[in-house]
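Dear colleague,

I am handing over the structure that we spoke about, and I would be grateful if you would read these notes beside it.

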Amino acid sequence: MKRLENLPTLRIHPEKTLRFEYRKKKLKGLSGDTLASALYANGIRIFSRSLKYHRPRGLYSLDGESSNTCMQVNGIPNVCTETTLLADGMQLEPQNISGSPEWDMKGFMDNLDWAMPAGFYYRSMHKPARIWPIALKQVRKAAGLGKISPDFQMPGRYDEIYPTADVCVIGGGPAGMSAALAAAEQGLRVILLEIRPWLGGFFDYRTADNGNGTSLAQSARQMAQQVEQNASVRVFTHTTVVGVYNNNLVTAFQKGRDGDSFEERYLEIRATSVVVASGCIERPLLFDNNERPGVMQIGCAQRLAHTYGLLPGKQAVFSIGHDLGLEAAVDLSDLGLAVACVADIREDGQDPVLLAALKERDIPFLRGWVATRAQGSKTLNKVTLATKTGTLTKEFACDLLVASAGMTPLTGPLSLAQAKLAYEPYTGFFIPKQLPDKVQVAGRMLGLNSPASIEASGQLAGVIAAADCGKSVEGRLQEARAQLNQLPGPDQGCKLVTAPVQGRKTFICFDEDTTIKNVKQALEMGFDATELIKRFTAAGTGPGQAGIPGHNLPLFVAQYHGDTQATAMPTTMRAPLVGTFIATYAGSNHDMCKRTPVHESQKNAGGIIRRIGVWERARYFSEDLSCREEIENVRQNVGLLDASTLGKFRLWGPDALKALQRVYVSDMSKIADGKVRYSAMCNDDGCIIDDGVVVKKAENDYYFTTSTARAGATVEWLRYHTRYDGWRFHMVNLTDAFGVINMAGPNARKVLGKVTDADVSDAAFPYAGYREFMIQDTIPVRSMRLGFVGELSFELHVPSSYMQTLWDILLDAGKAFGIRHFGLEAQNVLRMEKAHLIIGSESEQRTTLHDVGLGFLWDRNKSDAKTVGAVALKQTENQEDRLKLVGFKMEDPSRTPKDGSLIVDSRIRGHVCIARHSFTLKEPVGLALVDAPLAAEGTRLQIYEDECNGQHLHATVVPTPFYDPEGKQLKM
Amino acid sequence: MALTLTCPVCGKRNGYEFRYGGEEKGPRPDEADLTPQAWCEYVHMNKCVAGIQKEWWCHKDGCGVWFTTHRNTTCNLEVDTPEAQS
Amino acid sequence: MLRKSKRLWGDQAALKSSYDAVIIGGGLHGLAAAYFLARDHGIKNVAVIEKRFLGFGGSGRNTAIVRANQRTQQNVPLYKEALELWPILTKELDYNLMFFNCGNLNLMHSEAAMNTARMNVATAQFHGVESHLIDAKQCKELVPALNISKDITYPIFGAMYHPPGGILRHDAIVWGLAKGAAKHGVHLHQQTEVTGIGVENGKIVSVETDKGRIKTPRVLNAAGGYSAALSYQMLGIKLPISVLTIQAMVTQPLKPILDHVVSSGTYHAYANQTLKGEIATGAHMDAWPNYTTQTTAYYIKHQAEALSEMLPCLRGVKFMRHWGGLADMTPDMAPIMDGNNLIEGYYMDCGWGYFGFKSCAATGKYMAQFISSGNCPEMLKPFNLSRFEQNRLMGETAALVNYTPDN
């Protein structure tokens, strides 16, 4: 197709040819083309087949209001060809076709519409029941548009930015640009977002005079230049607004162009004030075959010519309801389009200048007429026009029908900002009754049509936005208001909902093939609310995001009910307003995990690392994951465990002890100097949530540890439970400031003795003691003698910066004593042999301190402390039928039950929390939470494993700990 | 929605920096003569006001303070003048 | 198919001044209770009062996943019965509920999580519900789009695979139950708001609506997200509920790519493909009460990040629609079904959080039994309100729930 040349409005670059493939055919387009314009230039008219009826579909609008022109591009489904710029080497495939777009083997479906009334699938395919699974497969196959391969990898880089602004203007047309300039004039930082690759909006492609001798296109370019040169305005073009959230958070995505480092980037903008100047799209005209390729909207036809140099047809008929249609008829006729007839739905109200221009060109003009039927089996070849009542008809041969019922504002951003929309009878628009706080509206969406009014309304909105930002603009405000008031107000809108047709082939929603007849069927079935009709007929739920049915559906429903249209309510808009890639939303990878200071050296020593919560930790040091050597070495020699992830806190101040008494179940006033105190925290249900040790470093100055999982929440927890008390204490989370090494095993003292001058003998530093001393005269450590794994052990807390050095020193000093690493799984087995519990493993959300056998930690004599959980502990102390934690041994020692197996009789009585073959005891042992009546020593437990086919294992409840019940090992 | 809250220390901040701490129910009751019903009421029961409620928040990813504020649960906005408080 | 369309749930009846039972809430639970009351218990003079339109709330906002692989023996039988009811109801209601029995994969991302999942699997098997633990390779065979490499934040170790689960068309169930209830004489009053509940001498006597007063001896509170506020405002009964907004979204429609429901607690995301071809995905709740049903930018981004790792091919797919609904969460993530004790004739079926869809039909059946007899059926007894007073939370969740400050 030959392009129109020398138009001042063109956005293509004829000197730069781009190559692409469509259905494996090599084609050429121009730089600046969208995929759709390039295809159109190559004579492609049928872009796809429709979802249900496989009707041919083509170019109808240019802003992606329907899925008509969506294609598979470079393996990516549902790419909107109307808004995607052509790039060299692209590969395009049409969607939803069987055969070719022109010869589709499922085209016959169009004749079967009688078998598919609204909601037919709810009423069919289920009788008899056995056909449903078969029908289901067919339904799945028929549904969906594009394809994605399971191993598809999205190429390119996706970025994100989080700019802030005083004023965020949505829409870079004349109103938006005016608003941006007016706000910037007040010294504010403005962000201007425009969906197209350039500023200018609906002025950009129009050669009509703006009233002062320059064309609209020319004045838009001048204004764009002003905006781009204004240092206070940050312009984002090719940027689609997808979300508006309260407190004026606006989300959008920008498409990258040549030279950008990203394919697309996500924008999250926080602004004080938002100006919505998103303009209008056209309201589709409803008549038979209203979506036949060859039928298109005014802006589509005009932009094809002016932006892309493509005359949209040869012989055209116009059926419109707005002056823009008249302007386009004159304009396109001047560019060489033969216009057979212009039918205007309106009886009067047309711009006399435009009527005169039509007459001058001998273009027949029909008042109060409308298209009722498009003909042509694949593409348009004839149009029937009729009077609005349908009494008189005329036919015209043509290959282009420019059809539009009028304008409809793009209220998506307003709707998402929680503005309640209402029908405005003069314009026929849905506009907000009341604007949300600090949200302004400008331009065409108010029904304005005169260029001067549109610009003035933009200026006014910009000034009000400045007032939102706290600027005193009283004078400027009055001036802007006065200026707008003397200019023409909103145009009266065309109210026609449908042409006089039965509606069997009148499509109110293209994406879902929903006809007027379907909507009537839904209404007859009692689906009377628009929202219900949307759900029942699926109208407006496709990739076009209700762009086609959004305005017409509520109007039609209101008309059906015989209501004045004033009661019409649009369906709820949802973000994203435009389909947005998951890759774009994801942006760059945000994962952050924590590693301990000795992460690398553990990894180098063969540590198998696992992500556990926010941390990466060494779980195993044995290839087979059995941990046998690690475990045996701790029992026989000495092992090193990196326990740096433990929560570590300093709590001090005059009321520090009170705070401890509030959250710990034990009496914390009894902590002896130089001793550690083991205790637990409960929640107010008495359920155990944490355990750890507390050290009193000085009067009202404590150092305590929590489990890894609670490290993040503990400061908050203490402050929450003391929030009414006004107590004075400070807390510092030292978790990352200190590393922790647990050195455990019979040889632990020997190793420690080699590296410190401090007396670490049992007499000087007994079990449960706390000491501070130096390692090699340099490294200060806080040391605790604890016994989580059941051996003599020293827990060494050391400033993180010294952690690696201390680790290396100990490994070195321990060589002679058989020191080696052990990981979390080895610790897990070692502590289980001692029946020491891990919160979350042997406890669950509903288990109390009593249930897990730690009730002895609770001190009932401190009710003044109002200890968290104490009330519930008292209430549940003697409660029956609770779960109890027990130890068990297997009857058949060759079988270790799997963790998570059930304890059962005729019903479920509990479950195995952990069970392992104990290398130390040479038999399997485990811990289980069971119903209290089963907790007595000697009780036989039936264990039900998954996939056991009814074959139970048997175990016996035994006393715990399994290993070293007297605790000799840890008190060495 | 994009909740913002006004921390008494740090000012107006993104809502995701905060942790919700429940409806305002007053200080912990005395333990003496406390019935299970009264305790359960304090710990678990909520009014679930659809409107303005006084509630606790912690600026967890900020200064760490716990504070009360009034928020309208039907629009998720903080309110300055909680006359309509129920 | 050829007949002229009839009104699905009959002609709109006028609001009568007296009903044998009034059900507040025209969602799945209310409609199911009404249907079974009228069908099985001879209580046909029933009104369902709905403030907006049928299925406006959670019933039309969930992502329609069903399964019976819960954690405890109190829950599994109820959900099992619910699963078995779908084909029966499809036939009974003569309405295609579009049960797609695709099975559910609940991904596990650590050895410990696999062990935790074993308890659910064993519980299901013990109750005769099919459920298996499978490894990462088996996951990949079932869902080829899954990323089982080790270089993601939370590598996949395996999954709990539950073949009997799947998805339905939520709206179809709403409309089908409405149709069935109406057929048995139930009156469905949409656009009608309950403004008060009359109690005299500890007994329910009436329900006030904006369309007039209804005399009735029985009221069921099945108002979903609004049930707790209603209970407190109209009866002064506080419930252990926090009302949060839960969000979900769909992508543009695709040809079949996901043949199962895939979910991950760790990634806090699930995804399934609807019969229309959209990938429905969700799970997040902002952890503060609100009644807005508004969505957040924070969450759609989070979901994109999660899906980018779990199902990376979806990066080339577009999100199309994001919405929110209300979840009335209890501290132990189990519902509250109770009644006829605090006030004679007052029943509640609430606290269903985000899981009220899965068992709605079975629950309706038992609630109908409860309401008609005044006695709580065995199946529902564990869900009583007094469990909170007795510090006997249900074990439906092993981990601490993190949406309240009390944990």
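**Two helices in chain A**

H3(A) passes H9(A) in a right-handed crossing, where right-handed means that the near helix is turned clockwise from the far one by less than a right angle, and left-handed that it is turned anticlockwise. Helices (H or I, at least four residues) and strands (E, at least two) are DSSP runs, numbered from the N terminus. This is a predicted model, in which local features need pLDDT of at least 70 and side-chain atom pairs count only at pLDDT 80 or more, while totals for chains, interfaces and linings use all residues. Residues are numbered from 1 along each chain as its sequence is written, and chains are lettered from A and ligands numbered from 1 in the order in which they are written.

The axes of H3 (residues 174-185) and H9 (residues 451-468), both of chain A, come within 7 Å and cross at roughly 40 degrees; such axes are lines fitted to C-alpha atoms, for helices over the stretch in contact, with angles from 0 to 180 degrees between N-to-C directions. Among the residues that meet are A:Gly176 and A:Ala180 in H3(A), and A:Gly458 and A:Ala465 in H9(A), a contact being a pair of residues whose C-beta atoms, placed from the backbone, lie within 7 Å. This contact of H3(A) with H9(A) has 14 nonpolar, six polar and one charged residues, where Ala, Val, Leu, Ile, Met, Phe, Trp, Tyr, Cys and Pro count as nonpolar, Asp, Glu, Lys and Arg as charged, and the others, Gly among them, as polar.

Chain C has eight helices and 19 strands, and its C-alpha atoms fill a box of roughly 65 × 60 × 40 Å along the principal axes.

Where chain A meets chain C, 83 residues of chain A are in contact with 75 residues of chain C, and the side of chain A comprises 36 nonpolar, 25 polar and 22 charged residues. Strand E30 (residues 580-581) of chain A and strand E17 (residues 318-329) of chain C run antiparallel and are joined by two bridges, and strands pair if DSSP finds at least two bridges between them. In this pairing A:Phe581 stands opposite C:Lys318.

The contact between chains C and B takes 25 residues from chain C and 24 residues from chain B. On the side of chain C, H6(C) gives the most, with three residues.

With kind regards

How values were computed: Contact = placed C-beta atoms within 7 Å.
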